[in-house]
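Here is a short walk through a protein model. Keep the sequence and the 3D view side by side as you read.

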Amino acid sequence: MTPKFSGGCLCGAIRYRCEGVPLSIGLCQCERCQRQSGSAFLIATVFAREAVHFDAGELNIYSVTDANGSTLNRHFCGTCGSAIMITLDRYPEIRSMMGGTLDDKSVLKPSFSLWCSSAQPWLRLPEAITQHPEYPDGLIA
Ligand SMILES: [Zn+2]
Ligand SMILES: [Zn+2]
């Protein structure tokens, strides 16, 4: 059976698959995610840690201390630079897979957006997407 949530990087070196369905799908419009994605936002498709399997390739990691003092790790392909995954030291039980790397992007139905306070002014999200000005306390994404 082909897993529904499979994906990989632009050059094909990194391949992954996720079991089950995402815990959440959200956008992040923070300045750092705009910079990493080279676009207006990135799409975080959140799975439990044990649901994510890498079948090929080795990820490079860029780690920074985020606004609340915890470490945020951006995992990317060292060959083509595609952003693949974000992990947060304060939420070790989850993996945020970058939605644009999925093979079937029709499954992406984001329900919220973080950091709308730094959104590009020309971007209007549908009302069905809950829009948080920053990263609300208690949200795991
Ligand atoms: Zn690659
Ligand atoms: Zn962000």
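Helices (H or I, at least four residues) and strands (E, at least two) are DSSP runs, numbered from the N terminus. M97 lies in one of these runs, strand β9. Before going further, note that this is a predicted model, in which local features need pLDDT of at least 70, side-chain atom pairs count only at pLDDT 80 or more, and totals for chains, interfaces and linings use all residues. Residues are numbered from 1 along each chain as its sequence is written, chains are lettered from A and ligands numbered from 1 in the order in which they are written, and side-chain values use heavy atoms, with hydrogens and water left out.

How confident is the predictor? The score is pLDDT, the predictor's confidence in each residue, from 0 to 100. The protein chain averages a pLDDT of 94. At least 70 is reached by 98% of the residues. Confidence is highest in β2, at 98, and lowest in α1, at a mean of 95.

Go back to M97. Is M97 buried or exposed? Buried means under 20% relative accessible area, exposed over 50%, and partly exposed in between (1.4 Å probe, protein chains only). M97 has a relative accessible area of 1%, so M97 is buried. Now look at what surrounds M97. Contact means heavy atoms within 4.5 Å. Neighbours within four places in sequence are left aside here. The contacts of M97 are then Y16, C18, I43, A44, T45, F47, V52, F54, I84 and M85. Take I84 from that list. M97 and I84 are 13 residues apart along the chain, yet their C-alpha atoms are separated by 6.0 Å.

Next come the metals. Donors are N, O and S atoms within 2.8 Å of the metal (3.2 Å for Na, K and Ca); water is not among the atoms, so sites may look incomplete. Which residues hold the zinc ion (ligand 1)? C9, C11, C77 and C80 coordinate this ion, each through SG, at 2.3 to 2.4 Å. Their spacing along the chain is C-x1-C-x65-C-x2-C. C9 sits in the loop between β1 (5-8) and β2 (15-18), while C77 is in strand β7 (residues 71-77), so this pair ties together parts that are 68 residues apart in sequence.

What is the geometry of the site of the zinc ion (ligand 1)? Four donors count as tetrahedral if all angles lie between 85 and 135 degrees. Here the angles among the four donor atoms are 105 to 114°, and the site is tetrahedral. For comparison, the ideal angle for four tetrahedral donors is 109.5 degrees.

Turn to the zinc ion (ligand 2). Its protein donors are the SG atoms of C28, C30 and C33, lying 2.1 to 2.3 Å away. Along the chain they follow the spacing C-x1-C-x2-C. Both C28 and C30 are buried. What about bonds between cysteines? A disulfide is a pair of cysteine sulfur atoms within 2.5 Å. A search of the whole structure finds zero.

Charged side chains come next. Side chains of opposite charge can pair when their charged atoms come close. A salt bridge is a side-chain nitrogen of Lys or Arg within 4 Å of a carboxyl oxygen of Asp or Glu. How many salt bridges does this rule give? The count is three.

One joins R15 and D103, at 2.7 Å from N to O. R15 is in strand β2 and D103 in the loop between β9 (94-98) and β10 (112-114), so to speak distant parts of the chain, 88 residues apart. R15 counts as partly exposed at 31%, and D103 counts as partly exposed at 46%.

Another joins R17 and D55, also with an N to O distance of 2.7 Å. R17 lies in strand β2 and D55 in strand β5 (residues 52-56), so the pair ties together parts that are 38 residues apart in sequence. R17 is partly exposed, at 30%. D55 is partly exposed too, at 48%.

The remaining bridge is between R35 and E31, whose closest N and O atoms are 2.7 Å apart. Both residues belong to helix α1 (residues 31-37); being four residues apart there, they are separated by about one helical turn. R35 counts as exposed at 63%, whereas E31 counts as partly exposed at 40%.

Finish at S70, in the loop between β6 (59-65) and β7. S70 is buried, with a relative accessible area of 11%. With neighbours within four places in sequence left aside, S70 is in contact with V64, T65, D89 and R90.

Technical notes: Tetrahedral: all angles 85-135°; square planar, octahedral: opposite > 155°, others 65-115°.
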